[in-house]
Amino acid sequence: MIRKVFLSFILFFLISCVAPGTKFEDLDQAQIDEAVAIIKNTELAKPVERSRKESVILVEDIIEKITPAANQWCKENNIPQARCSWKVNYLDDDMFNAFASGRNTITYTKGLMNGVASEEEVAFVIAHEIAHHLGNHIANAQRNILLGSLAGRILGTVVDGSDDLISQTTDLGARFGSLVFSRDQEKEADFFSLLILKDSGYDLLEARNIVIRMAQKSEREDRSTFFDTHPTGPERLASFNKTYKEFLKN
Ligand SMILES: [Zn+2]
């Protein structure tokens with residue numbers, strides 16, 4: 001009996017640990033249809049070739065531009081300043097990818113930087129990865145792994161986001177550096193990204209192009225790890241549109 005109570009307590013503790021922070025309302029069919037049409041009909045600007053130096057400067061610029069809004073957000077949400085600054089790494093890998101790891105590291109690839117047209121598109125990705133840090137998603141994803149393994153489930157290949165992993169082998173880092181976040185965590189990260197970009201004065205419709213781009217890419221099947229760890233397609237675009245319209249109202 002005591003053992004049973006103890007086990008239920010442990011289980012309760014684990015489940016309450018992994019409770020997602022934000023709940024999102026479901027999208028309706030009209031919103032999905034609208035997104036499908038946008039993905040089908042939008043002709044995006046061609047990606048711009050960027051050297052390593054140009055990429056690093058661009059991302060540093062983005063970090064500088066979004067830091068005031070992110071700091072403000074951290075202050076309002078009682079997040080210590082130490083957690084509200086980020087280390088960004090350029091990874092010389094052709095895969096279109098970006099990921100959050102360690103305490104506050106964000107890694108973005110050459111493939112990403114050469115796969116997009118505008119600064120706004122890159123900014124959306126960087127702010128999305130920042131959100132995974134600020135939302136404590138990495139710790140939660142690790143708890144998800146723990147809970148999954150305790151429950152005897154097979155979760156597939158999941159690698160923790162330690163900085164060591166990236167330094168050990170950059171290639172492996174690009175392929176497996178992304179933790180498997182929950183759908184709610186991904187939605188939360190997109191929502192936060194929009195919020196921070198708006199407060200930083202970025203053009204949100206320009207930023208939206210990366211969501212359309214990824215959806216078009218995933219339809220054409222030139223997929224990458226990014227698509228396996230991030231939701232793509234109409235649903236993601238529809239959520240973006242919904243948030244954007246709400247911002248316009250306020
Ligand atoms: Zn993500």
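Predicted model: local features only at pLDDT ≥ 70, side-chain atom pairs only at ≥ 80, totals over all residues.

Me: OK, how many helices and strands are in the protein chain?
Reply: There are 12 helices and 3 strands. Of the 250 residues in the protein chain, 34% are buried.

Me: What's the mean pLDDT of the protein chain?
Reply: The mean is 78, and 69% of the residues reach 70 or more. Residues 1-21 have pLDDT below 50, and that stretch makes 12 contacts in the model beyond near neighbours in sequence. Residues 148-178 are also below 50, with 47 contacts in the model beyond near neighbours in sequence.

Me: Noted. In what order do the strands of the sheet sit?
Reply: The order is β1-β3-β2, in an open sheet of 3 strands with mixed pairing. β1 and β2 are at the edges with a single partner strand each, so one side of each has no neighbour in the sheet. On average, neighbouring strands are turned by 20° against each other, ignoring direction.

Me: And what packs on that sheet?
Reply: Helix α3 (residues 52-76) does, touching β1 and β3, and its direction makes about 155° with that of β1. α5 packs on the sheet as well, touching β2 and β3, with its direction at about 25° to that of β2.

Me: Mixed pairing, you said. Which sense is β1 with β3, parallel or antiparallel?
Reply: Parallel: strand β1 (residues 87-91) pairs with β3 over 5 bridges. Within that pair, V88 is opposite I106.

Me: What about β2 and β3, parallel or antiparallel?
Reply: Antiparallel, with 4 bridges between strand β2 (residues 98-101) and β3. A98 has Y108 of β3 as its bridge partner. The hairpin of β2 and β3 has 3 residues between the strands, and G102 there takes a positive phi near 60°.

Me: Is β3 buried or exposed, then?
Reply: Buried. All of strand β3 counts here, 5 of the 5 residues (105-109), so the rest of the structure largely encloses it.

Me: Which residues are on which side of β3?
Reply: T105, T107 and T109 are on one side, I106 and Y108 on the other, and both faces are covered. As a rule, side chains in a regular strand alternate between the two faces of the sheet.

Me: Switching to the core. Which residues have the most contacts inside the largest nonpolar one?
Reply: A123, I126 and A127, in a core of 43 residues. Helix α5 (residues 119-134) supplies the largest share of that core, 9 residues.

Me: What does I126 touch?
Reply: Setting aside residues up to four places away in sequence, I126 touches V59, I62, I63 and I106.

Me: I also had my eye on G115. Where is it?
Reply: G115 is in the loop between α4 (110-113) and α5.

Me: Why is G115 called buried?
Reply: Because 24 other C-beta atoms lie within 10 Å of its own, and the cut-off for buried is 20 or more. G115 and K46 are 69 residues apart along the chain, yet their C-alpha atoms are separated by 8.4 Å.

Me: New topic: why does the length of α9 agree with what a helix should span?
Reply: Because helix α9 (residues 183-199) has 17 residues, which at 1.5 Å a residue should span 24 Å, and its end C-alpha atoms are 24 Å apart. After α9 comes G201, with a positive phi near 80°.

Me: How many residues of α9 are buried?
Reply: 12 of the 17, so to speak mostly covered. The buried ones include Q185, E186, K187, E188 and D190, along with F191 and F192.

Me: Last one: what do the buried residues of α12 pack against?
Reply: They pack against α2 (29-41), α9 and α10 (204-220). The residues in question are P234, R236, L237, A238, S239 and F240. Helix α12 (residues 234-249) has 16 residues and reaches 23 Å from its first C-alpha to its last, close to the expected 22 Å.

Definitions and conventions
Residues numbered from 1 in each chain as written. Helix = DSSP H or I, 4+ residues; strand = E, 2+ residues; numbered from the N terminus. Pairing = 2+ DSSP bridges. Core = buried A, V, L, I, M, F, W, Y, C linked by C-beta atoms within 7 Å. Contact = placed C-beta atoms within 7 Å. Expected span 1.5 Å × (residues − 1). Axes fitted to C-alpha atoms, helices over the stretch in contact; angles between N-to-C directions. pLDDT = per-residue confidence, 0-100.
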